[in-house]
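Subject: Structure handover

Hello,

Here is the structure I said I would pass on. My notes on it follow below the display.

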Amino acid sequence: MSYFKKVRVRIAPSPTGDPHVGTAYVALFNYVFAKKHGGDFLLRIEDTDQVRAKSSSEAMIMKSLRWLGVEWDEGPDKNSSCGPFRQSERTAIYREHTEMLLKSKSAYHCFCTAERLDGVRAKQRVAGVTTAYDRHCRDLSAGEVAGFLGKSIPYVVRLKMPTTGMTSFVDEIRGVVEIENSRMDDQVLLKSDGYPTYHLANVVDDHLMEISHVIRAEEWINSTPKHVALYEAFGWERPKFAHLPLLRNADKSKISKRKNPVALTYYQRAGILPEALLNFLGNMGWNYGNDVEFFTVEEMMAKFEFKDIHLGGPVFDTVKLTWMNQHYMHKMSEASFVDYVRNEIFSTEYLKALKPFVLERMSRFEQFVGNNMFFFNGALDYSDVEIIPKGKTDVEIMDMLTGLVEKLDDLYEWEHERLKAVIEAYKDEIAWKPKDVFMTLRMVATGRKDSPPLFESLELIGREMTRFRFRDCAQKLASGTGFKKPAV
RNA sequence: GUCCCCAUCGUCUAGUGGCCCAGGACACCACCCUUUCACGGUGGCUACACGAGUUCGAAUCUCGUUGGGGACGCCA
């Protein structure tokens, strides 16, 4: 074994929605660390959640990371001897490893139902203790297990955690982290649908893919001891761990789509340059030193050290991001400016999608820009439209918008038929007149009373920008500025 | 609630025992530049959470308190 192990790191996003700015943050630090040490950066898709994973999301994640210029050495579309890189294609591997643990008695079958588990947790919550599995099936005899298996009773496989002693690991950023084994849960490793949980798949894959450093977000700190226990159960050498601070909302809570735009597609749509976003992210919890704020990814590589990471969770401040973006914009060459406007704003793809809706509403092309600004803009100005219908108050509109943003969060696919269904259902739920809902939404989304059909327009404006405008308008209503007050 | 992590201007941060009655940047305010707006320039505002130690000396080390966050899923 060579003294210096090759640096291999990975990001392991789960394809459950729009590519997240947190993924980009973790990707950047992984990428920089890998390249600094001449190592490899891998992309692994963790799609073991069969109910939430969707294939369109994987493509968007890859597209967004490429937009940022964070390119992986191995991944779903760049196979290697370590592949495949989609966990759903590795289920045989996880089964085999589960068998190994079962054989060595490091894991056991559990036949408890979800209902029983809920009951146990509820009791523990009332008692004020950490909720955990009560180990009901931990000591089932081989005969009992065989009996249940014979009757095809659904089961999961759980890790048999040691009940005494201490598990500790070294976090490259914060030092030793310790936790008493007695506090740790017998984690589910293999779900009843045959898919592995994150914990199993992650450890198995990191080992098989020869990952040297696991660089991930702080939210994983508490489950790291479980992972350590797994490495021990397998008899594998564990990688080094480094937990990055969590990006935060303005109120310091973990960054969330409810309080912040988090989709990379939103920032792209909002005209943030990839190099600006990367530079900004590089200033989250880390800095170049000497009061230097602007630096390239290459420059970051030269100076990056785990020890320089500052652990206070940084607030993701889009105002400062915008300032930084402006700096990059002003430095653009003529060629890249033309290129950007043509390819990012008036892209062929977008214009084609717009054509059926905008062309028939024009008689001269001079109207194009003026009539259709809202398809290209970010935040809108509401000082010329009456977004508050007669009989409604600003607070009611605010609540209506906020409520709708919540509903729209769960919308699986951003498509006009589905939008129509959701919004109409919402209208019925709050029992508002159609006009009060639809006209208001039209004005909030487009900034005008006349526009192409509402749902088609929303589809074209896009999920992130639509949600942003609804939220932005609600905020304007809350602050009492930026909209036309109804005549009294 | 239990455990884990964290703690410098409103925000991003510099600071690893004396160079700090704390530096830079965003935001904000004022002024300058300017036919407008923006850019740019100058200045201003504003922070070491608190309390005990250790030390000749603490933002920096220790302990406690408080505050914030995260985790407690057959989600990742």
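A definition is needed before the notes: contact here means heavy atoms within 4.5 Å, and axes are lines fitted to C-alpha atoms, for helices over the stretch in contact, with angles between N-to-C directions running from 0 to 180 degrees. In those terms, helix H3 (residues 91-103) lies across E3, E4 and E7, and runs at about 105° to E3. Please keep in mind that this is a predicted model.

The sheet under discussion

E3, E4 and E7 form an open sheet of three strands, in the order E3-E4-E7 and with antiparallel pairing. Strand E3 (107-110) and strand E7 (188-190) are at the edges; each has a single partner strand, so one side of each is left without a neighbour in the sheet. From one strand to the next, the twist averages 45°. E3 and strand E4 (residues 156-159) run antiparallel and are joined by four bridges. As for alanine 107, its bridge partner in E4 is leucine 159.

The RNA

- Aspartate 49 has a polar side-chain atom 2.8 Å from a sugar or linking oxygen of RNA strand B.
- Arginine 174 has a side-chain N or O atom 2.9 Å from a sugar or linking oxygen of RNA strand B.
- Valine 315 places a backbone N or O atom 2.9 Å from a phosphate oxygen of RNA strand B.

Helix H4 (114-127), E4, strand E6 (175-180) and helix H11 (318-330) are the elements that give two or more residues to the surface near RNA strand B.

The chain as a whole

Chain A has 19 helices and nine strands. Its radius of gyration is 26 Å, close to the 23 Å that the globule rule gives for 488 residues, so chain A is as compact as a globular protein of that length. Along the principal axes, its C-alpha atoms fill a box of roughly 80 × 55 × 40 Å.

Regards

How values were computed
Residues numbered from 1 in each chain as written. Chains lettered and ligands numbered in written order. Predicted model: local features only at pLDDT ≥ 70, side-chain atom pairs only at ≥ 80, totals over all residues. Heavy atoms only, no water. Pairing = 2+ DSSP bridges. Polar contact = N/O pair within 3.5 Å; in protein donor to acceptor, adjacent residues only side chain to side chain. Rg over C-alpha atoms; globule rule 2.2 N^0.38 Å.
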